[in-house]
Amino acid sequence: MTEPDDNQISRLLALKRYERMPEGFEDQLIHQLHLRQRTELMNQSVRSIVLERLQDFWATLTGPRLALAAAVVVGLAIVAVKLMPDSHNSRGSDDLAWGKLSDQPLPPGFEMLPPDVTNSAANFGNSLPPDESSKLSPLLLSKHFEGSYADELRDAFNSEFVGPPVSRRFEVGPMFRFEDEEESK
Amino acid sequence: MNDKEQQGNGTGSTSAEEDRELVERAQNGDTRAFDQLVRKYTPKLYGLVYNMTSNRDDTADLLQDIFAKAYRSLSRFLGKSSFYTWIYSISVNMTLNFLKKRGRRVILSLDDVDSGIQNDPDFIKATTGHSPLRDVGLHELQKRLNEAMMKLSEDHRTVVTLYDIQGLQHSDISKILGVSEGTVRSRLFYAHRQLQTYLDDLVK
């Protein structure tokens, strides 16, 4: 596009400056504005007043005022957090029950320890001394083979036990013999 | 002061000081001071809004809204920019919002033309000799210009109105629209090229 064309367009558009508004437009506009302002004042709802004041408040927040407002908000947040119930210490019903128990007074010299339930299943039997453990294993085996209780007392105290224990009630043949029986025979 | 400056804010520092004083008085509750501002800026803003909407009724309604909003927001006006830039920004934004809502529903209406146009050197030059404008009536010319303006996009129409019709400078337009001067120049260039196509028979 050439420069003269641009000027021609500009000159043509400049003619629109001669378009003028209707006679008395300004007076009419001011009159209508006054009416409108009065009507707005009369009919202004509480909501719009609050909104406008909030907008004014935020618009005037600059520098130190903004810092002050931020400090107030942070302060309120801290107070709110402190007033709230301590959610980190709240536990399940068992813990609540334990909490109740632990509140009970104990005789002097006693100490209430919290139950360790976390590894109780895995550690079952491991806490026994090695001797007791070796005595218990035949008992458990006998339960396994018999499907019911075997001669637990004897086996439990017979350290020379060989082979799986069999209950006398089901002894139908000389499949197994205990050493003491053989001796007696 | 060049032609653009005279036609633009056209006022210089005296007017800016006068505005500041009126604004301060209005902010302190003097409604007459605000009325004075309305009287002062109505002709300029009327031209701006009318040339963007090409409709007189819409212009009247919009001007009411613009001044009502300006009055409500006056307490927030801190004087960082001139009142002139501030009120123009409000006017342009509100008019653009209105145009978006109005969509393509456009009813053109023509304003009265100042008889002073008959003495305007540009008009005389344009309508004498072999110019095609010689055979075109004033109202026909007005209608053609309005139609061509309405074919422009809203952004392009805004810069053409502010620069070519209102006579503002690029720097003022960039402040009012919140865009760079380069953007203003670019929009003007493309707008003129489009208008050249629409008004081809008038500018030959």
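**Figure 1. Salt bridge between B:Glu18 and B:Lys40 in the predicted model.** In this predicted model, B:Glu18 and B:Lys40 are joined by a salt bridge in which the closest N and O atoms lie 3.9 Å apart. The two residues belong to distant parts of the chain, with B:Glu18 in helix H2 of chain B and B:Lys40 in helix H3 of chain B, a separation of 22 residues. B:Glu18 is partly exposed, its relative accessible area being 41%, and B:Lys40 also counts as partly exposed, at 22% relative accessibility. The structure holds seven salt bridges over all chains.

Figure 2. Between B:Arg25 and B:Asp30 the closest N and O atoms of the salt bridge are 3.1 Å apart. B:Arg25 has a relative accessibility of 32% and therefore counts as partly exposed, and B:Asp30, at 24%, is likewise partly exposed. In the other pair, the side chains of B:Asp201 and B:Arg144 meet at 2.9 Å, N to O. B:Asp201 is partly exposed, with a relative accessible area of 37%. Salt bridges with shared partners also join B:Glu18, B:Asp19 and B:Lys40 into one network.

**Figure 3. The largest pocket and its lining.** The largest pocket holds about 550 Å³ of space. Its lining consists of 19 residues, and those closest to the centre of the pocket are A:Leu41, A:Gln44, A:Glu52, B:Tyr71 and B:Arg72. Two or more lining residues come from each of helix H2 (25-43) and helix H3 (46-59) of chain A, and from each of helix H2 (12-27) and helix H4 (56-73) of chain B. The element that gives the most to this lining is H2(A), with six residues. By residue class, the lining of the largest pocket divides into six nonpolar, six polar and seven charged residues.

**Figure 4. Helix H8 of chain B and the glycine that follows.** Helix H8 (residues 154-165) of chain B is largely enclosed by the rest of the structure, because ten of its twelve residues are buried. The buried residues of H8(B) are B:His156, B:Arg157, B:Thr158, B:Val159, B:Val160, B:Thr161, B:Leu162, B:Tyr163, B:Asp164 and B:Ile165. H8(B) is followed by B:Gly167, which has a positive phi, near 75°.

**Figure 5. A positive phi at B:Ser54.** Most residues other than glycine have a negative phi. B:Ser54, a residue other than glycine, has a positive phi, near 55°. B:Ser54 is found in the loop between helix H3 (31-53) and H4 of chain B. With a relative accessibility of 1%, B:Ser54 counts as buried, the cut-off for that class being under 20% relative accessible area.

Figure 6. Chain A has eight helices and one strand, and its elements, read along the sequence, follow the pattern α-β-α-α-α-α-α-α-α. Chain B has eleven helices and one strand, and from the N terminus on its elements run α-α-α-α-α-β-α-α-α-α-α-α. Buried residues make up 16% of the 185 residues in chain A, whereas of the 204 residues of chain B, 48% count as buried. Among the contacts with a separation of 6 or more, residues 24 or more positions apart account for 9% in chain A and for 69% in chain B. The accessible surface of chain A comes to about 14900 Å², with 61% of it belonging to carbon and sulfur atoms; chain B exposes about 9900 Å², and carbon and sulfur atoms supply 46% of that area.

Notes
Residues are numbered from 1 along each chain as its sequence is written. Chains are lettered from A and ligands numbered from 1 in the order in which they are written. This is a predicted model: local features need pLDDT of at least 70, side-chain atom pairs count only at pLDDT 80 or more; totals for chains, interfaces and linings use all residues. Side-chain values use heavy atoms; hydrogens and water are left out. On a 1 Å grid over the protein atoms alone, a cavity is a set of points where a 1.4 Å probe fits but cannot get out, and a pocket is an open set with protein on both sides within 12 Å along at least five of seven lines; lining residues have an atom within 4 Å of a point. Grid points are joined across faces, edges and corners, and a volume is the space filled by probe spheres set on the points. Helices (H or I, at least four residues) and strands (E, at least two) are DSSP runs, numbered from the N terminus. Ala, Val, Leu, Ile, Met, Phe, Trp, Tyr, Cys and Pro count as nonpolar, Asp, Glu, Lys and Arg as charged, and the others, Gly among them, as polar. Buried means under 20% relative accessible area, exposed over 50%, partly exposed in between (1.4 Å probe, protein chains only). Contact means heavy atoms within 4.5 Å. Accessible areas come from the Shrake-Rupley method with a 1.4 Å probe; for residues, only the protein chains shown count as cover. A salt bridge is a side-chain nitrogen of Lys or Arg within 4 Å of a carboxyl oxygen of Asp or Glu.
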